[in-house]
Amino acid sequence: MIAAPRRRALVLTGAASILLAAMLLGILVGPAGLTPGGVLLDIADRLPFVDVDSGLTTRQQAILWNIRMPRVVLGVLVGAMLAVAGAAYQGVFRNPLADPYLLGVSSGAGLGATLAIVVGGAAGFAGVPPAAFVGGMLAVGATYALGRTVGGVRSEVVIILAGVAVAAFANAIQTFFMQLHDDTLRQVYSWMLGRLATDGWSDVLTVLPYVVVTVAIIALHRRTLDVMSVGDVEAASLGIHPARVRLLLVSVATLGTAAVVSASGLIGFVGIVVPHAVRLLVGPGHRLLLPLSLMVGAAFLVLADVLARSVMAPAELPIGVVTAAVGAPFFLVVLRRSRGVR
Amino acid sequence: MPVNDSRRWLAAGLTVFALLAAGCSSSDDSSPAGETDTAAADVPQAIVSLSPTSTEMLYAIGAGDQVVAVDDRSDYPTDAPVTDLSGYTPNVEAILGYEPDLVVANADTGDLVAGLEQAGVETLILPAAQTLDDTYTQLEQLGAATGHVGEAAELVAQMQADIEEILAGLPERETPLTYYQELDNTFYSVTDDTYIGEIHSMLGLTSIATGSNGYPQLSAEYVLEQNPDVIFLADGQCCGVTPEVVAQRAGWEELTAVREGRVYVLDEDIASRWGPRVVDLMREVAGIVGGIPVTAPTP
């Protein structure tokens, strides 16, 4: 299904508008009652050649520029990365339920973060992001190796099952350490449930390069992904090495996911919900699926975060709770549909 | 501090319990404190404490000599017989290995009570106190169960007198000071509606955290907007947070408390174990509050 250029432009513009609207809402809404007019004027004040008095105090400006803005931008990066990675996983595995989390990224990252908090003590907090990153990569590596050793004809199914086994194993070890060190329970859970809170722009700058590189590599393979979604034999007949492409795309998608997860904690279901919703709207062609997933994923997460910080204000709700509450029912719908298709 | 009715009722019930437990022996409450005969046949001689708070309470009421083992988290007083017993995931067999005749725990985790009952061991469950009155009640409860009724009553009276003295020394303020108490570096905090919130309220402080959940996770922007007069850090031990770390957080340098140097580290253990050392905590916080000028600007 190839969209006409005009329709394609229309759909992409629509998605971009939704993302911009979501970001604007994210900047305007928060527990600190900054007036929308003040916020908009303050943003205008930062533009070149514009000098207006927004009426915001320096403290309110700090809230806007050092806390709310980086949080919205981090939401964009995390949402975009999770959605694009999910689309790539589903493409290479031809499995509608595949996403990085199913292959063990989340469990591996959770184990890594737990070990950093438990072993490192007070100093361990700085070590959480890198430890989560390493744990996530190791877990997917293990999944992949296991899947290959036992994999036969249907290796893309076997690898998902291997992911389940690796995840269960990592969860068991994580629970063991949490039981040994019950004083760290709240810290570990707080990270696991996901949180977009950032300390200024540092997290954004750390995550940005990974997201850019990962999205670029996946985008370059959009046509290959189209071919692979038909079948390995068909792809091979067109000169594509399915196993090689799968390894490359799974690696970069996992790298990007592990990077964002290390900053945001485990935010689930974005990688499954968003690409499927987009497919329902515009069909399975990756030329449109990938950019749309990116924008819709980013908008979804920014809006989820708006909910997370408003529902119980001034208290926060973990964002993973919001995405799972929306995502889990959707997951079941996808499951039903996919049974009919296969 | 008025004694409320429910507490009086509870104390009465406990006295009955103590009398029954003592097998209607002639328990003489009028004996002078400190002279309680702990060698009496019906008083527990081998107590296992499975929570740091109850350990502190047992020693404070003079039952320390009867304690044979305390859990791995108990670290005060330092001469308590620390073991690797877990109060969080208690193991009945491991507890029975110390041949206790009384086990004190803060929750009936994993059917602890039923398991110990099978072996004929009494269990006293003292859940985390919700108010200062709960602390007094629990001290009296422990006194009744261990044969130290007089000392427990004396300790409670002493605590009440100390607290009254601390409160009397506080300056008068027209509007209460606001505070943000940080429990960990993801900004979990406390409302007025918690034990620590009650303590702070008595000392003339109001939490910036509100809502039905006593321990909400706040967002950084909310803390900045509320601009608390004082910041208490109860996450120095867990998370390495210090006043310097707080000052370096993006945007936090704009806070009055940071600028005026009113960011204080509280001892996490004392500020989360609602036992006899709560008086120490109140004295410490009162010292901080008393040092803040009454004319402190509260924008």
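**First stop: a covered helix in chain B**

Select residues 52-60 of chain B: this is helix α2, mostly covered, with 9 of its 9 residues buried. Buried here means 20 or more other C-beta atoms within 10 Å of a residue's own, with exposed at 12 or fewer, partly exposed in between, and C-beta atoms placed from the backbone. Helices (H or I, at least four residues) and strands (E, at least two) are DSSP runs, numbered from the N terminus.

A quick note before moving on: this is a predicted model, where local features need pLDDT of at least 70 and side-chain atom pairs count only at pLDDT 80 or more, while totals for chains, interfaces and linings use all residues. Residues are numbered from 1 along each chain as its sequence is written, and chains are lettered from A and ligands numbered from 1 in the order in which they are written.

Back to α2(B): among its buried residues are B:Glu56, B:Met57 and B:Tyr59. Show what covers them, including β1 (47-49), β2 (67-70), β3 (102-105), α5 (132-146) and α6 (149-168) of chain B. Then click B:Gly62, which follows α2(B) and has a positive phi, near 85°.

Zoom out to chain B as a whole: 12 helices and 8 strands, with 43% of its 299 residues counting as buried. Two residues are in contact if their C-beta atoms, placed from the backbone, lie within 7 Å. Of the chain B contacts with a separation of 6 or more, 60% are between residues 24 or more positions apart.

**Across to chain A**

For the classes, Ala, Val, Leu, Ile, Met, Phe, Trp, Tyr, Cys and Pro count as nonpolar, Asp, Glu, Lys and Arg as charged, and the others, Gly among them, as polar.

**Two helix pairs**

Select α3 (58-93) and α8 (202-220) of chain A: they pack at about 30°, axes 10 Å apart. Axes are lines fitted to C-alpha atoms, for helices over the stretch in contact, and angles run from 0 to 180 degrees between N-to-C directions. The two helices are therefore roughly parallel (under 35 degrees; over 145 is roughly antiparallel, 65 to 115 roughly perpendicular, the rest oblique). Residues making the contact include A:Leu77 and A:Met81 of α3(A), with A:Val207 and A:Val211 of α8(A). The class tally is 14 nonpolar, 1 polar and 1 charged.

Next, take α1 (5-28) of chain A, whose 24 residues reach 35 Å from first C-alpha to last, close to the 34 Å expected at 1.5 Å a residue (1.5 Å times one less than the number of residues). Its buried residues are A:Ala15, A:Leu19, A:Ala22, A:Gly26 and A:Ile27, and their cover includes α2 (36-46), α3 and α13 (286-310) of chain A. The axes of α1(A) and α13(A) come within 9 Å and cross at roughly 20°. That contact divides into 19 nonpolar, 1 polar and 2 charged residues.

**Last stop: a loop residue**

Is A:Leu103 buried or exposed? Find A:Leu103 in the loop between α3 and α4 (105-120) of chain A; A:Leu103 is buried, with 31 other C-beta atoms within 10 Å. Beyond neighbours within four places in sequence, A:Leu103 is in contact with A:Val140, A:Thr143 and A:Gly163.
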